[in-house]
Amino acid sequence: AQVAYTLLRTCASTGRIVHMLRLVPPALGKVAFTKFDKELREVFASVLGVVCTPEAWRHARLGVRLGGMGMVSALSRSQAAYASSVRFAAGVDGWNPEDAPEFASTKSSLINLLGETEWTASLSAPEGQQRALSMAMDRLELRNLMDTPVVERRAHLKCCSEAQSSWLNVTPSAKFGTVMTSAEFVTCVKFWLGLEVEAAHKCPLCKERCDPEGRHAVTCNHGYSHGHRHDAVRNVIYAAAKRAGMKPLLEPVIATTNTYRPADILTAEAGGVVVNDVCIFNPLRGPFIHTAAVAPKTAAAEYARREKELRFSLELENHGVSLRPLCADMFGGWSETAESFFRLLTRTESMRANTPQDDVSSRLKARLSFAIMRANARTILRRRVSGRNAVLDDVWSEPITTRSTGTILPPLDRH
């Protein structure tokens with residue numbers, strides 16, 4: 001399923017017919033573009049076995065940068081593509097774009113839809129007018145989707161848009177460990193789009209009700225599913241820190257006054273020794289949901305402050321160690337503190353490898369998002385129902401480094 005989706009998105013989606021969208025006036029191509037959109041939806045449902053509700057399909061049609069599945073509508077993009085193409089050609093050849101068939105009506109339609117400000121801004125957009133208009137249309141569609149009184153849905157969509165569907169940008173590769181089984185990938189897609197992942201049933205681990213959307217499964221603290229997710233994400237960050245030449249320590253144990261506290265990743269930086277503590281939370285439950293519906297990064301920062309900083313920061317600082325919570329929501333969006341650390345890692349790695357930082361950053365973000373989403377799918381599948389009986393299958397088939405005992409470090413002298 002993962003490979004089929006990747007081929008569909010890269011080889012058979014709207015991106016493959018952009019040349020037609022740029023050449024054919026929207027009214028003339030309306031029938032053909034509508035047929036293309038219909039068949040794209042049918043193929044999506046066929047290869048993934050996922051039947052989308054109208055709202056879920058609108059979500060899937062958003063671009064990946066705004067948390068969609070990249071199943072972009074050819075009909076909705078035709079106006080932006082045609083108008084930008086006409087303007088570009090007119091500028092190169094020195095003729096009036098208003099002379100092109102349907103340009104005036106297409107421009108008027110775009111201005112009515114997006115507003116005069118967006119149209120004017122697109123004329124000088126560094127990424128090009130077509131991309132600027134397409135992003136503006138996606139933002140409008142996202143706002144329309146979020147215009148709902150259901151706060152869980154608003155928070156879900158906002159978190160997906162902030163995470164930017166980075167897990168979909170990973171190339172399936174057994175060598176690099178970026179492959180999902182079909183069951184895992186389909187579960188991820190349903191979970192991402194807010195569809196029913198499974199029938200409601202009693203959780204076999206904690207005996208509470210499992211909701212159809214899988215939100216209980218990714219929150220349930222029973223079993224070691226969350227530990228696997230934590231460790232998978234931690235290992236990606238640890239590998240990135242090693243590539244950056246930071247000589248990190250994995251799971252050393254810090255000796256404080258009253259106890260020994262394990263550190264996920266210990267790094268020695270210019271400001272001193274830092275404990276990097278990975279944490280992943282569910283923004284759709286508890287006191288963070290209303291904040292997540294507006295600003296997921298703020299919700300992640302607040303979770304990190306309550307669950308990590310207030311509990312451990314002072315004790316560690318008294319022993320000469322700083323705490324840096326690396327907090328993410330279950331959709332793969334990170335707090336600003338975490339993103340700042342990732343920028344440090346990718347900047348250092350790009351300098352060492354002589355590779356553009358944007359490329360290094362995109363790969364790291366995709367790998368982190370992939371690790372979170374695959375772990376979410378495995379957590380849900382571990383609680384799936386077969387007939388009337390919940391089955392606890394060992395879906396964690398590949399080895400994942402779990403918490404190590406590490407090296408016990410003595411109390412550090414802050415001087």
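**Salt bridges**

I searched the whole structure, a predicted model, and came away with 14 salt bridges.

I looked at R139 and E118 first. Their side chains meet in a salt bridge, 3.6 Å from N to O. R139 sits in helix α8 (residues 129–145) and E118 in helix α7 (residues 116–123), so this pair ties together parts 21 residues apart in sequence. R139 is partly exposed at 31% relative accessible area, and E118 is also partly exposed, at 27%.

Next I went to R234. Which residues does R234 pair with? I found a salt bridge to D231, with the closest N and O atoms 3.5 Å apart, and another to E251 at 2.8 Å, N to O. D231 and R234 share helix α11 (residues 225–243), three residues apart, or about one turn of the helix. E251 lies in the loop between β3 and β4 (253–255), so its bridge to R234 in helix α11 ties together parts 17 residues apart in sequence.

Buried or exposed, I wondered, for D231? D231 is buried at 0% relative accessible area; R234 is buried at 0% too, and E251 is buried at 1%.

I also noted a network of salt bridges linking K297, E336, E339 and R343.

**The sheet**

I traced an open, mixed sheet of four strands in the order β3-β6-β7-β8. β3 (249–250) and β8 (321–329) are at the edges with a single partner strand each, so one side of each has no neighbour in the sheet.

I followed β6 (residues 265–269) into β7 (residues 272–281): the two run antiparallel and are joined by five bridges. E269 has G272 of β7 as its bridge partner.

Last, I checked helix α14 (residues 336–353), which lies across β6, β7 and β8 and runs at about 105 degrees to β8.

Key:
Residues are numbered from 1 along each chain as its sequence is written. This is a predicted model: local features need pLDDT of at least 70, side-chain atom pairs count only at pLDDT 80 or more; totals for chains, interfaces and linings use all residues. Side-chain values use heavy atoms; hydrogens and water are left out. Two strands pair if DSSP finds at least two bridges between them. Contact means heavy atoms within 4.5 Å. Axes are lines fitted to C-alpha atoms, for helices over the stretch in contact, and angles run from 0 to 180 degrees between N-to-C directions. A salt bridge is a side-chain nitrogen of Lys or Arg within 4 Å of a carboxyl oxygen of Asp or Glu. Buried means under 20% relative accessible area, exposed over 50%, partly exposed in between (1.4 Å probe, protein chains only).
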